[in-house]
Amino acid sequence: MPTSLFDLKPLTTALENGDPIITANDRLRRHLLNAWDQRQMQNGQRVWASPPVWLLDHWLAQQWQILMSNGSANSDRAPASAHQRHWLWELVISQSDAAQTLLQAEPLAQQADTALRSLMRWEIEPDTLEQDLYLNANNRAFLEWQRRFNQRLASRQLMMPEMAHRRVADAFAEGELPRLPRLWLLGFDDIPPLYQRLFEAASDDVHRLMPAGVSHNRTHRVTVPDVDTELSAAALWSLQQLEQDPDASIGIIVPDLGQRRDQVERFFSEVFEPGSLLPDQPRRTPPFNFSAGVPLGSTPLIHSALGLLGLLRDQWPLNDVCALLHTPFWGDPERELVLRTHWSTRLRETGKFDVTGTDLRTVGERLAEQLTESTEADLEYTGDPIGPVQRLQQIDELRRRFPSSASARFWAGQFQRTLNVLGWPGPRRLDSVEYQQAHQWGELLELFATLEATGADLSLPQALTQLAQLARQTHFQAQTPDSPIQILGALEGAGLRFSHCWVVGLHQRQWPPAPAPSPLLPLELQRDKRMPHASAERELDFARSLTRHYEQCAETVVFSCARADEQGDLAPSPLIRSIPETTLSALIRNSASADTSMEGLEKEMEGVEGMAMTGRSQFRASLAEHRALEVSRDRQGPRFDTEQNAPGGSSLFKQQAACPFNAFAQLRLGARLPDPPVVGLSPAERGTLLHGVLAEVWKVLQDSESLANYDENELKALIAQLSERTLAPIRRRRPRELGPEYCALELERTQGMVERWLQLEKQRPPFRVIATEQRRQIQFQGLKLTLFIDRIDELSSGERLLIDYKTGAELNPSQWLGERPDEPQLPLYTVTDDLPVAGVAFAQLNPKATQWIGLGQVSTPPPGIKPADDWDALQDEWRTALTALAEAFIAGEASVDFKDANAQRFSGQLLPLNRWLEKDTVQRYLTEHGAAD
């Protein structure tokens, strides 16, 4: 670090005498020791003893260890760790009478533990609260929980840490622990009664101080348009200070850093690590350091481990499974890429929200067989397709041998064994940060195993949940070299000294913080005892004290506030309004510019000689430098091999008519997205059900005479029977999603539409159904096609009518017309069938409309079939249009040419490929470079 962040003058005597110094937080302790080390080196020392500087919890743990080693009375129980306590709280709460009305035990466990620790630190016996006349239901429930909680602790020879601290205080008071000549307390704004008593018992000479601040400094207040500009300005200002003085020490204090860490990191990375925006950049250590780590469970490596362990459950969310298939931290991801990609796609095609182990293995086994045998280009595979499937089979066999419940230590061993079987963390060599995370994972499993001391066995789901909770509660902070910029939370910044400091986010809604008293303790008690976050008065005093520390923590201090955020307008906190206001342009480069936008700030910084560019500006410069654009007009793909079966059937013509490029992308390149899962039946499944029921009905009825002979009740019974039979295979594929109640409603809906349709059919002249759901292999202009015709009727005149069932709302005969028809299926059939067809018709069935829509020369047409002026000429037009579409497809025509706005609107998933939204930008570029058509 360029300079020390701690002023040793107030503690020089204590350090030289070797007096114990206790700090309020570990960051203050580390900076104090660092300052001492720097002084020793400046004094020419090569070796020196480390002074007794302790974090409070560590000092108390040492005193407790001394008592245990000496065999002191009442020291035979071990302080329970936070995770052990939370697990016992969850058990107590989940087994209480109130459990039926509680949504989640985990957050209540955290609140209960905090409430009990507060009572013990303020030396209030919970039993004394029973006399409080103002106890509410929450307070009484908590008192009952804490009694059961303490009983569980005692039964396992465990205790609250505060009980050990009480014993330490008593040991000092009774002389069992030697009293200290002097004791120094550093950075304590507020000391609870328990620790006040303990310190007084430990020494008659207790010195409580805050590090000295800067007596003469410059303090500024600035207001910016929004929170993004605020963070951008703080980062650019920091860069400017380091450019002017490389030995500067800069503090960036963010009161809500825990909630905004990712946002802060993004803006500072753009300024100090602009290359991180470019692809294929190695991880680098930035010149800024965060006081707050990230949850270990949120890091990619550990998140993947938790996800892989989730495979031990019975089922998982579809998106989670697909994400796991693409994570690089298991198996052999590079060689298995093709398999995993197809695996993920096939799972999405199931249309399920949740995937079972059977689903996962079945799809994997089928793909493995195809990849082993297939020579198709889209399934080329260089790895062992059996490998990933076998790993999952081993995991399933392992899970089946698990007991219903076991100790945490047993589960810790099985979890590591599971990860070993899956090949976690993968074959790639871990970088330094990932290596640290993997090491901390081992420590996390060992910490999880200490739940064994609570005496409560866990089921597999409970063990997985507890491990995930512990991973979220454990913070990971990568070990990095000291940095000139320290990004700190509200408390971490107090007591440190910098050359420059910027405090962001001091608006009236956040500073002072809003009170947040515990809902489990009586409110009046919390206010009377001035417990943390209990009242607005206490929060005001807390914020006022910290603000004073900030004002004196550096030679130059900037307080900032945004004018607005996503929740509305903001104003500076009353605690900083007396500070003179300045402008961003005065702070950054002392420029007269009034442009406070991000682009304006970038221009300010880029104008300074020698100043590094910001992330966005460097990214743009890099693109401009490497831009070697060459105009290449290529609207033609390779010809289609007509020896192969044409993909898509009749939809080939529909897609080619809508947009040639989209047809090429979807049918030739396979650019298709699976339909997203839906609650209940998907639109495709509803269509399948309706088509299937109608097909089965006409297989039974066969003609209009038979339909007329069925009475109403018989017809309803037939429709109901055939509907249930048709739905059965769909239900078997998704039994979890399609329950009996839902299926009953869908059957009622389908049966109603079929009944209404058959009533309309009864009004027709005599006819006979000669084909339903007919599948035909044909050739058209060299294309080998598979067509599916919903239904073909033969009229009493011998004429034939082609019928296509439709459930959509917008249908009309014009969809068959023109050079680029919307619905070419029936016209295609008419021009490829050997037998004459007299007409084509949509049979529209939906809750809003039941009707015929058609064209033709039918002597006895159903209502809604319009006569064609010249049926033979119309068929010739269809043949000409379809021939042109077929020839364009075979030739590889792939221009981005939408038929109309509807064709464009319904192809949103292909916008990244066809780049339709960029057409105006491309045209401008072509025009500017003289390459336009």
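**Labels and their grounds**

Guide: I719 has a relative accessible area of 0% and so counts as buried. The model is predicted.

Visitor: Why is I719 called buried?
Guide: The cut-off for buried is under 20% relative accessible area. I719 is at 0%, so the label applies. This residue belongs to helix 28, residues 712-733.

Visitor: What does I719 touch, not counting residues up to four places away in sequence?
Guide: V697, Q751, V754, E755 and L758. A contact here requires heavy atoms within 4.5 Å. For I719 and Q751, the C-alpha atoms are 6.3 Å apart in space, while the two residues are 32 apart in sequence.

Visitor: What makes F653 and F780 an aromatic pair, and why is it called edge-to-face?
Guide: Ring centres have to lie within 6.5 Å, and planes over 60 degrees apart count as edge-to-face. Here the centres are 5.9 Å apart and the planes make an angle of 65°, so the pair is edge-to-face.

Visitor: Why is this pair said to tie together parts of the protein?
Guide: F653 is in helix 24 (residues 651-658) and F780 is in strand 20 (residues 767-780), so the pair joins parts that are 127 residues apart in sequence.

Visitor: Are F653 and F780 buried or exposed?
Guide: F653 has 0% relative accessibility and counts as buried. F780 has 4% and also counts as buried.

Visitor: How do you know that W698 and F767 are edge-to-face?
Guide: Their centres are 5.5 Å apart and their planes 65°.

Visitor: What makes W698 and F767 buried?
Guide: Buried means under 20% relative accessible area. W698 has 2%, and F767 has 4%.

Visitor: Which charged end sits over the ring of F767?
Guide: That of R764, at 3.8 Å from the ring centre. R261 is placed likewise over the ring of F290, with its charged end 4.2 Å from the centre. The distance limit for this label is within 6 Å, and the label also requires a position within 35 degrees of the ring normal.

Visitor: How many aromatic pairs are there by this rule?
Guide: The count is 23. Ring pairs also link F402, F410, W411, F415 and F448 into a cluster.

Visitor: Which peptide bonds are given as cis?
Guide: One joins W424 and P425, with omega about 10°. P425 is in the loop between helix 16 (408-422) and helix 17 (432-449). Another runs from W511 to P512, with omega near 5°. P512 is in the loop between strand 15 (498-503) and helix 19 (523-528).

Visitor: What is noted about phi of H533 and of Q702?
Guide: H533 has a positive phi, near 65°, and is a residue other than glycine. Q702 is not a glycine either, and its phi is about 75°. H533 lies in the loop between helix 19 and helix 20 (536-551), and Q702 in the loop between helix 26 and helix 27 (704-709).

Visitor: Why are H533 and Q702 called partly exposed?
Guide: Buried is under 20% and exposed over 50%, with partly exposed in between. H533 has 41%, so it is partly exposed. Q702 has 47%, so the label applies there too.

Visitor: How does the radius of gyration of the protein stand against that of a compact globule?
Guide: The protein has 37 Å, whereas a compact globule of 933 residues would be near 30 Å. The C-alpha atoms fill a box of roughly 115 × 75 × 55 Å along the principal axes. Of the 933 residues, 49% count as buried.

Visitor: What confidence does the prediction carry?
Guide: The average pLDDT is 86, and 90% of the residues score at least 70. Over residues 590-598 the pLDDT is below 50, and this stretch has 16 contacts in the model beyond near neighbours in sequence. Residues 604-613 are also below 50, with 24 such contacts.

Methods: Residues are numbered from 1 along each chain as its sequence is written. This is a predicted model: local features need pLDDT of at least 70, side-chain atom pairs count only at pLDDT 80 or more; totals for chains, interfaces and linings use all residues. Side-chain values use heavy atoms; hydrogens and water are left out. pLDDT is the predictor's confidence in each residue, from 0 to 100. Rings of Phe, Tyr and Trp (its six-membered ring) pair if their centres lie within 6.5 Å; planes under 30 degrees apart count as stacked, over 60 as edge-to-face and the rest as tilted. Helices (H or I, at least four residues) and strands (E, at least two) are DSSP runs, numbered from the N terminus. Buried means under 20% relative accessible area, exposed over 50%, partly exposed in between (1.4 Å probe, protein chains only). The radius of gyration is taken over C-alpha atoms; the globule rule is 2.2 Å times the number of residues to the power 0.38.
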